[in-house]
Amino acid sequence: MTIGANLDGLPQLDARAVAVFEYVLSRGSLKCRTPDAPPALGLTQEEVEAACRTLLLLRLLRPAPGRPEELIPVSPDAAAAEVVGPLEERLARDAAHAQSVRDDLHSLMPHYRAARRRRSHREGIDLLPDLSAASAMLTEAAADCREEVFSIQPGGGRAPHRLGDAIDRDLAMLRRGVRMRTLYQHSARSSLSTQGYVETLAEAGAEYRTAAELPDRAVVFDRAVAFLPRRAGGGSGEGAVLVRDPDVVAYLCRVFEQHWSGATPFLGTSEAAYKEVGHSLRRALVGLLAEGAKDEVIARRMGMSLRTCRRHIADLLEELGAESRFQGGVLAERAGLTAPEHPAARGRDETPRHPAARGRDETPRHPAARGRDETARG
C-alpha cells in the first residue's frame, strides 16, 4: 500500500512504515536497534529497521533528546512542513522562472509576426503544419477581416465541436458588417448540427447555399488572404496553406463565384430543405454513374456516407424504372438527365417516373423554386 508520492528522492510511506509509526504512537517511543523486533508488529528486525529509516527520512520519527538510540513520534503536520515546505518553495521559484522565460519569449512575437508577414508577402504562401497552427492563424485573419469572407466546405454536415468553435468568431465578424457566404454540399442539409448553425448565422445576416459537388476546402478573407488544406505528399489536410499571392487568391474568388451562382439557397432548418435539391442530386448521381464511378467514389464526391449514397442510387433507379445501372443510364439519357443542365431548368424536377411510381406525392418545392418554374413556363 503506497500512501504518498516519491518526492525528490524521498522514500515512499509503505504499509510497514505505517505499522511501525502506529506502534510508536501507541507506546510513545521505540528502541530501533534491539535484539528482537516487537512481536506485536509481526515484522522481522530488518523490516523494522528499514521502516525506521523511512520514518526518519520523512521526519515522522526523531531521536529522543539525550537518548539517540530511542525514537519518538513527530506530528505529521510538522513533518510535512519540514519535508514538503522546501520542495514547495523550490516549485514556486521554478514556476516564477518559467513564467519569466515565457514572457521573454512572448515579447518576440510581434517581431516574428512582422517578419512572417513580410516573408509571406514576398513568397506568397505560408505553411501551417498542423490544426493548432491553422486554427490560430484563421482566428487572427477573422479578427482582421473588415469587408467579406467566403468559404467552401465540401463533405456532409460539419462536426458539432467545429461549429461550436466557429460560431462566436463568425458572429463577431457579422456584427462588424462583414459579408459572409458559405458553400456546403447538398448532403450537409441533413445534418441537425449544421442546420442549427446555419439558421443562427443566417438570422444574423450570413448567406448559405449548397451544391451537389464542390472542390476542396477554402476560406478567403477580404479577397486578399486564403486558407487551403495541405494535400501535397499525401497530406491529411489537417494543416493549412496560407496564400496571399494576388493571382492565386483571385482565381479562388472566381471559382467560388462560379459555384455560388449555380448553388441553391439554404436557410437552415426546414422540412423541405433536403427535398429542394432532389433534382440536382439526381443529376449529379446520374453523371457519376455514367462515368462508371464506384459507389465509394460517388459517396466521397457527393459528401455523404456510403450507405446513404447507395440508398440514393436505389431510389433513382426505382424512379427511372430501371432494373440495372446500365438500363438506368439509358433511361436517364433518354430523359435528358445526362445532358448539361440549362440554367432556366434549375429547380425543376422532371425525372420520368416508372408507371408504378406515378401517383406518389411529388417532391415539395421551395416557394422560390415554384416561382422559377412559372417564369420558365412563361
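In what order do the 3 strands of the open sheet stand, and is the pairing parallel or antiparallel? The order is β1-β3-β2, and the pairing is antiparallel. This report describes that sheet and several helix contacts in a predicted model.

## Confidence in the model

The protein chain has a mean pLDDT of 78, and 79% of its residues reach 70 or more. Among the elements of the chain, strand β8 (residues 218–221) has the highest mean pLDDT, at 96. The lowest mean, 36, belongs to helix α13 (residues 367–377).

Two stretches should be read with this in mind. Residues 1–6 have a pLDDT below 50, and beyond near neighbours in sequence this stretch has 10 contacts in the model. The pLDDT is also below 50 over residues 342–378, a stretch with 41 contacts beyond near neighbours in sequence.

## The sheet and its strands

Strand β1 (residues 30–31) is joined to strand β3 (residues 67–73) by 2 bridges, and these two strands run antiparallel. Within this pairing, Lys31 stands opposite Glu70 in β3. Strand β2 (residues 61–64) also pairs with β3 in the antiparallel sense, here over 4 bridges. Pro63 has Leu71 in β3 as its bridge partner.

The strands β2 and β3 form a hairpin, with 2 residues between them. In the turn, Gly66 has a positive phi of about 80 degrees. In the sheet order β1-β3-β2, β1 and β2 stand at the edges with a single partner strand each, so one side of each is left without a neighbour in the sheet.

## Helices on the sheet

Helix α1 (residues 15–27) packs on the sheet and touches β1, β2 and β3. The direction of α1 makes about 95 degrees with that of β3. Helix α2 (residues 45–57) lies across β1, β2 and β3 as well, and α2 runs at about 100 degrees to β2.

## Two helix pairs

Helix α5 (residues 131–144) packs against helix α6 (residues 160–175) at an angle of about 20 degrees, and their axes are 10 Å apart. Why do α5 and α6 count as roughly parallel to each other? Angles under 35 degrees are classed as roughly parallel, and α5 and α6 therefore belong to that class. The crossing in which α5 passes α6 is right-handed. On the side of α5, the contact is made by Leu131, Leu138, Thr139 and Ala142, while α6 contributes Arg162, Arg169 and Met173. By class, this contact has 4 nonpolar, 1 polar and 2 charged residues.

The second pair is α10 with α11. Helix α10 (residues 295–302) and helix α11 (residues 306–320) pack at an angle of about 100 degrees, with their axes 9 Å apart. Because of this angle, α10 is roughly perpendicular to α11. The contact involves Asp295, Glu296, Ile298 and Ala299 of α10, together with Leu306, Cys309, Arg310 and Ile313 of α11. The residues of this contact divide into 5 nonpolar, no polar and 3 charged.

## A contact across the sequence

Ala202 has its place in helix α7 (residues 192–203). Which residues does Ala202 touch, not counting residues up to four places away in sequence? They are Tyr208 and Leu267. Ala202 and Leu267 are 65 residues apart along the chain, and their C-alpha atoms are separated by 6.3 Å.

Note on methods
Residues numbered from 1 in each chain as written. Predicted model: local features only at pLDDT ≥ 70, side-chain atom pairs only at ≥ 80, totals over all residues. Heavy atoms only, no water. pLDDT = per-residue confidence, 0-100. Contact = heavy atoms within 4.5 Å. Pairing = 2+ DSSP bridges. Axes fitted to C-alpha atoms, helices over the stretch in contact; angles between N-to-C directions. Parallel < 35°, antiparallel > 145°, perpendicular 65-115°, else oblique. Nonpolar A, V, L, I, M, F, W, Y, C, P; charged D, E, K, R; others polar. Left-handed = near helix turned anticlockwise from the far one by under 90°.
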